[in-house]
Amino acid sequence: MKDELIKALAREGRVRIYSNATTHLVEEARQRFDMWPTSAAALGRTLSVGSMMGSMLKSDHEQLTITINGGGPIGTIMVDAYSNGNVRGFVSDPHIMLQYNDTGKLAVGTAVGTQGTLSVIKDLHMKENWKGTVDLQSGEIGDDFAYYFTLSEQTPTAVSVGVLVDVDQSVCAAGGMIIQMMPDAREEDIVATENLLAKLKPMSQMVSEHEALEEIVRSLYDDVEILSCQPIAFHCPCDKTIMKRVLTTLSKAERMAMIEEDHGCEITCNFCNERYQFSENELRELEDFIDAHDRR
């Protein structure tokens with residue numbers, strides 16, 4: 001199944017649905033950071049939710065940042081999401097492999113922990129960014145985002161996310177779903193949705209079993225109306241020019257040490273693990289530019 005995101009309505013427009021298939025973008029993240037299964041599942045679930053939340057933004061210039069830290073061994077999970085559904089992100093420790101003894105499933109909740117918070121910062125190009133923060137409930141990601149939507153955005157929401165990791169540690173299925181009650185939702189809409197959720201298979205299983213995301217979305221209710229369908233990807237806007245700006249934030253002493261002692265440097269982007277090399281000559285040219293700018 002290709003990576004894509006669908007927006008839809010159901011129950012005569014009183015129920016809103018977001019759903020995505022993210023297998024390939026989560027696998028790209030796994031490869032970029034050499035992630036072990038539990039780390040891959042935790043980041044993959046957050047990337048899937050982030051993609052759907054990013055698509056809720058109103059403008060191409062807006063973006064949001066998700067930060068999760070529950071005090072568990074995985075450390076911090078950070079994801080940037082954009083209005084086109086593209087995402088990027090990382091975890092502090094990519095090499096976590098934990099399983100629940102009773103089920104053998106990946107122990108994402110244990111890896112993430114519950115002694116901390118989930119926060120969402122929205123850059124809406126206003127005077128100040130919008131921020132919502134909630135205490136983590138389970139560390140399993142889906143339940144925590146459902147709690148976030150209900151508490152911070154006052155929207156009754158069900159969230160399902162899943163990442164299925166193969167025996168070779170590659171990601172073989174991943175995706176997410178958000179179902180929200182619109183303000184005019186009726187009691188029968190809530191009951192119908194509760195019944196649906198009680199029978200809903202894990203999202204990663206549905207992605208694995210179906211050939212197209214639209215099949216999954218249309219199977220939820222009798223009157224699903226697809227509003228849009230768009231491709232999504234793991235995408236980081238970093239480049240060498242941006243990394244050069246990072247170098248200008250260092251002290252002159254630090255830059256001179258790179259020139260005179262290291263004879264060059266390498267900078268790694270935290271969000272995508274892309275590495276950028278700067279030669280001694282490139283660093284000297286940058287230093288000359290900074291000196292000339294400072295003399296003006």
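## Ground rules

A pocket, on a 1 Å grid over the protein atoms alone, is an open set of points where a 1.4 Å probe fits, with protein on both sides within 12 Å along at least five of seven lines; its lining residues have an atom within 4 Å of a point. This is a predicted model, in which local features need pLDDT of at least 70 and side-chain atom pairs count only at pLDDT 80 or more, while totals for chains, interfaces and linings use all residues. Residues are numbered from 1 along each chain as its sequence is written, and side-chain values use heavy atoms, with hydrogens and water left out.

## The largest pocket

Let's begin with the largest pocket, which is lined by 24 residues; Arg 45, Lys 105, Gly 162, Pro 202 and Ser 204 lie nearest its centre. Its volume is about 660 Å³, where volume means the space filled by probe spheres set on the grid points, joined across faces, edges and corners.

Strand 8 gives the largest share of this lining, seven residues. Helix 2 (37–54), helix 4 (142–152) and helix 6 (203–209) are among the other elements that each supply at least two. Helices (H or I, at least four residues) and strands (E, at least two) are DSSP runs, numbered from the N terminus.

## The second largest pocket

The second largest pocket holds about 360 Å³ of space. Of its 18 lining residues, Tyr 18, Met 56, Leu 57, Lys 58 and Lys 122 lie nearest the centre. Strand 1 (4–10) and strand 2 (15–21) are the elements that give two or more residues to this lining.

## Salt bridges

A salt bridge is a side-chain nitrogen of Lys or Arg within 4 Å of a carboxyl oxygen of Asp or Glu. The whole structure has 18 of them. One of these joins the side chains of Arg 32 and Glu 274 (3.1 Å, N to O). Arg 32 sits in helix 1 (residues 23–33) and Glu 274 in the loop between strand 11 (264–268) and strand 12 (275–279), so the pair ties together parts 242 residues apart in sequence.

Lys 122, met above at the second largest pocket, also forms a salt bridge with Glu 153 (3.0 Å, N to O). Lys 122 is buried, at 17% relative accessible area, whereas Glu 153 is partly exposed at 22%. Buried means under 20% relative accessible area, exposed over 50%, and partly exposed in between (1.4 Å probe, protein chains only). Finally, a network of salt bridges links Arg 11, Glu 12, Arg 14 and Asp 189.
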